[in-house]
Structure formats: structure tokens, C-alpha cells
Amino acid sequence: MEHADELIRKLSDLARLDLTAEEQARLGEQLPKILEYVGQLREVRTEEPPQPTTPSHNSRPDDVRPSGVESDILAQAPDTLEHYWKVDSVF
Amino acid sequence: MTTLPATIREVHRGLQAKEFSAAELAAQTLERIASQEPRLGAFLRVREQVMAEAQAVDERLASGEPLRPLEGVTLAVKDNMTIKGEEATAASKVLTGYRGVATATAVARLRTAGALVVGKTNLDEFAMGASTENSAFQPTKNPWNTSVVPGGSSGGSAVAVAASEAVLAIGSDTGGSIRQPASFCNVVGMKPTYGRVSRYGLIALASSLDQIGPFARTVEDAAHVYQAMAGVDEHDATTSSQLVADVVAGLGESIADMRIGIPAEFFGAGVDPQVAATVMSAAKVYESLGAKLVNVSLPLAPQALATYYIIQPAEASSNLARYDGIRFGPSVRTKAGLEQIYRQSREQGFGTEVKRRIMIGTFVLSAGYADAYYHQAIRVRHMLREEFDRIFDEVDVLLTPTSPTVAFPLGARTQDPLTMYLADLLTVPANLANIPAMSIPGGFIDGLPVGVQLMSREWDEATLFRAGHAYQQVTDWHRRVPE
């Protein structure tokens, strides 16, 4: 595993999540301990391929229906244009 | 009314005898909340609208309508469930000011049954925690001793019932978030089978684990709340169309010959010996009622916590990707580009524990580590489920402590996340196995409550409620109230 600071930086990029300097320092100490604890699971002998443990019980035809709440949802957003969320350009 | 009614039965008796009206009950409950909140901090918001709703109940009754199952009964709702048009924050700054676009199915069904929602209760931010100290807004205190935590994440709901601020409450349980605070506060808390209660309108934490369930003083009342919420919902594809048994009607049935399993792994390492002894004395009560105690083993149970703390952060990190400063709440509108809007909005909106879980979840799902961590956890979860399946061929119910310890002091575990995670040691197995489980009051150690956890096989909530009810018929721990 990478050095803790390098790992924190990489995960912070992947998660699109900035951290304060204090959080970075604290997580640098805590994360390796937590990962070591959960890493004990690698010792368990497993054979079967992973499979979903929570089957979907109740599916219905995928028909498009009006939700009736479009304007309520848009009203929560910081910035909208007509019936769209407004986002900075990606490029 | 000299004291507030504590059970559905007491509310209904009072309403029918015209000792009080629903409006009087609601008004006195709001007064009670106002008097307790400076000390306890269980509520994030009180609903003044409940007065008009209570008057509507009184009008129904005056016009001769029959009493509905929860008619006029006060209910507190964890603030990670939405009510249309009203604020729901999940105790996170990210959702400050967010208003529900629909009413959660569980809440809607309880209101249809006549319940009166008095307010929204505090929780650990996004239900991540075991003490309610991770709320972005306030800690909640335990009414048995305000220097200890109430448990979490549904600490506000547990305290609301324990401190007579509501007769009933609902919470969500992903790894013990209903049962553990119920245990710390001396109330009943129950997690149904995964798929039994709709999560529509529940702000998601970990979608393969989350379930909504009741808090009450008695198992009988918890059964009524469960019954009103349970069943298929077209808005949640994980809800099952399996028949929901009438658990209330089955409560009085005998438990003689019930086989109760005592799994050694839940009484050993990491469990306070005094807690283990208290819970074993509850097992003896069952024996005196004619149940048979059977020593059983779940060899994978000690791996459950590590399994949980891989799967849960993985799912949480995915679910929380939606809080990006574009669709909800506070947004840092920097000119530095879209990615910086995401990164800075998330930095400012999320608390420390939420960030920690996002980082753990991102790690266990990342290229190079996903097989050793996430996929391995899924495999172990499947094996653990099979272990539980086999055990329930031998026994009807498992009996264990709910929590390894009684309630711990405020601040004692906030600096060390691993010790906080250990509080979930005995509750996460039921979530991983999808089975129903319940915590019932089972004694005290130095003035702090001890919860007894019961688990039953998938979809067999009826046996769970019957077992819990039988215990409360011959014990009075649940009648003890703080103060």
C-alpha cells in the first residue's frame, strides 16, 4: 500500500472531496489503522464468486411516467435554467 | 392529564373515555418537549402543524369514526426521512434547507393509521455513527444520565420515547442504528427483514443494508408500528410482496418449546462480562417460560464487523456522490471550474465522519483493491448468511447482548473511529444476513440500561415479536423510566 499521505491524496481525487490540512493529517493516521482492521477479512477462505445478497423482489415495467415533482426538485438546486440544473462547462 | 400516556393502549383508553382530546395530548406533548429539549437535544425540529392534525383527529372521533390503529398517538421521526414540503437534513449541513419532494412511505402509512408526527429527531450525520455525536447540529444526551451518549445513529428517536417526548418513534438501522440506541435508552427498537419496509423517502446510507423500524416502550406497540409500515411499495423495488403476517394477533401465543439459541461468539471477546451476565439472566427468564436454550456457534460472526465496515462505506461513498453542490443545498460557486465546485462544496458540506467513510469506501472500491476488500466482503457476507440460515434450522430465535457495553461517556470515542465502530459489533450481523432483530430492555448496570437482542429467521418477524412480548409479560425493566 502507498504511503499514507499519497493514499489520502489519491482517494481525495477519486472521491472529488477536498480535505482540510487537519483532516488530511488525522486521516493519514486513522485510515491505515481502519484498513488494517477491515483487511483481516482477507484471511477468510472464500471460494464462491461474489453474488448479490439482496435480490430485487419487486420489479415493474419500466414505463415512463410523469413524477409531478420536477419543479420541487429543481427548486432545491443552487442554480437552474428553465427546467435544467445549471452547471459550469466541463471543458 | 397528570402524566403523559406511555403506550398506544393508554392513549386510546384516554381518548375513548374522553379524559383528554387528541389536541390536548398534542399540546401537552409539545410542552413536554419544550421542557426536556434544553437538557436532551433529541429533536432537530418540532412540528407545530401537529396541533391542526390533532384537531382533525378529534373531529373524526366526534363524528363517530372508528379508532384507527395509531389514532392520536404521538410519533417522532428520524430526520433522514422526508415529509413533503418540510425540511429534512439527515443532520448534515449539505442538506440544510432541503425540503422533501414526497412523504416517505413509512411515514405516510403511519399517518394513515392515525399517528401524529410531533417532530424530526437528531441523528449522526447521514446515520453514520453510534452515539449521535456526529450530528452537524447538536449532540443528543441520554436521559438516564446526561453525561453519557444515547447511542446512535437514531439517538434522537430513542431519547424521544425514553423521555416521554413521544409515545412512538421510527428510525433507520443499517448496522444497529435502531437497536443500539434502544439498548442505551431502555426502550424497544426493532429492525425488520431487509425488504419488509419501504425506504422510499429515506435518505440513503447503504442501500443493501438500510431498513426503517420502530421504537416504543413495549414490544406490543412496536408490533403495531411495524404492522402499519410493512409491505410492498411500488416506490421501493426491494420491498417484498410476501404476505405480512398479523404480528399483533400472534403476540399472546405461548413460547413454551420455543428453541432459543445462545451463540458463544456474541458473549466473548470485546463484550463487557457484566453485560454478558445480565443478558444471560434474561435467557434464564425464557427458560422459566418453557423455552429451550440451545448453545450454538456462528464461527463467522467475529468477521462481521470488518465485513460491514467495507460494504457500508463502499455503498455510502456511492450514495453520497449525489451531494456535489449542483443539485442540493450549499454550493461553493468558485470560478476554478466544475471539479472545484464539487470538491469544495463537498469539503464544506460534509462532517469528519462522513468524509472518513467516503474515503474508506473509495479505497475498498478502487482499482487494485476492490477484489481483496469489497468483493471479498461480499463473499464473506454470503457465507455469513448461509451460517445464519443453518442456525435457524436448529433454533427459532437467537438471544445475545445488543451492545458490547452500556452507554459510554460523551466524547469518549470521538477521537478514535475504530473504538466507535466496535459499538456495532453485535448488531451488524443481522443487517448483513438481512434478518429481523430487536432490542428489548433487560436490566441495568450502575444505573445504565442493558438491551437484550433477539434475532429470527428472514421474514419471521412474528416469532421475534412473540418472543419479545413474552419476556415483557414477566419482567418490568421496560416500565422503568429515567429521572
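Analyst: One term to begin with: two residues are in contact if their C-beta atoms, placed from the backbone, lie within 7 Å. Helices are DSSP runs (H or I, at least four residues), as strands are (E, at least two), numbered from the N terminus. This is a predicted model: local features need pLDDT of at least 70, side-chain atom pairs count only at pLDDT 80 or more, and totals for chains, interfaces and linings use all residues. Residues are numbered from 1 along each chain as its sequence is written, and chains are lettered from A and ligands numbered from 1 in the order in which they are written.

User: Ok. Which residues of α7(B) meet α15(B)?
Analyst: Val219(B), Glu220(B), Ala223(B) and Tyr226(B) do. Their partners in α15(B) are Glu461(B), Phe465(B), Gly468(B), His469(B) and Gln472(B). By class, this contact has four nonpolar, three polar and two charged residues. Ala, Val, Leu, Ile, Met, Phe, Trp, Tyr, Cys and Pro count as nonpolar, Asp, Glu, Lys and Arg as charged, and the others, Gly among them, as polar.

User: At what angle do α7(B) and α15(B) pack?
Analyst: About 155 degrees, with the axes 9 Å apart. Axes are lines fitted to C-alpha atoms, for helices over the stretch in contact, and angles run from 0 to 180 degrees between N-to-C directions. α7(B) and α15(B) are therefore roughly antiparallel. The cut-offs: under 35 degrees is roughly parallel, over 145 roughly antiparallel, 65 to 115 roughly perpendicular, and the rest oblique.

User: And how do α9(B) and α12(B) cross?
Analyst: At roughly 125 degrees, with axes that come within 9 Å. So α9(B) and α12(B) are oblique to each other. Residues of α9(B) in the contact include Ile310(B) and Ala314(B), and those of α12(B) include Tyr373(B) and Leu384(B).

User: New topic. Which residues touch the most other members of the largest nonpolar core?
Analyst: Leu75(B), Leu116(B), Leu168(B), Phe215(B) and Ile310(B), in a core of 161 residues. α9(B) gives the most to this core, with nine residues. A nonpolar core is a set of buried Ala, Val, Leu, Ile, Met, Phe, Trp, Tyr and Cys residues joined through C-beta atoms within 7 Å. Buried means 20 or more other C-beta atoms within 10 Å of a residue's own; 12 or fewer is exposed, and in between is partly exposed, with C-beta atoms placed from the backbone.

User: Last one. How many residues of chain B are in contact with chain A?
Analyst: 58, and they touch 41 residues of chain A. α12(B) gives the most to that side of chain B, with twelve residues.
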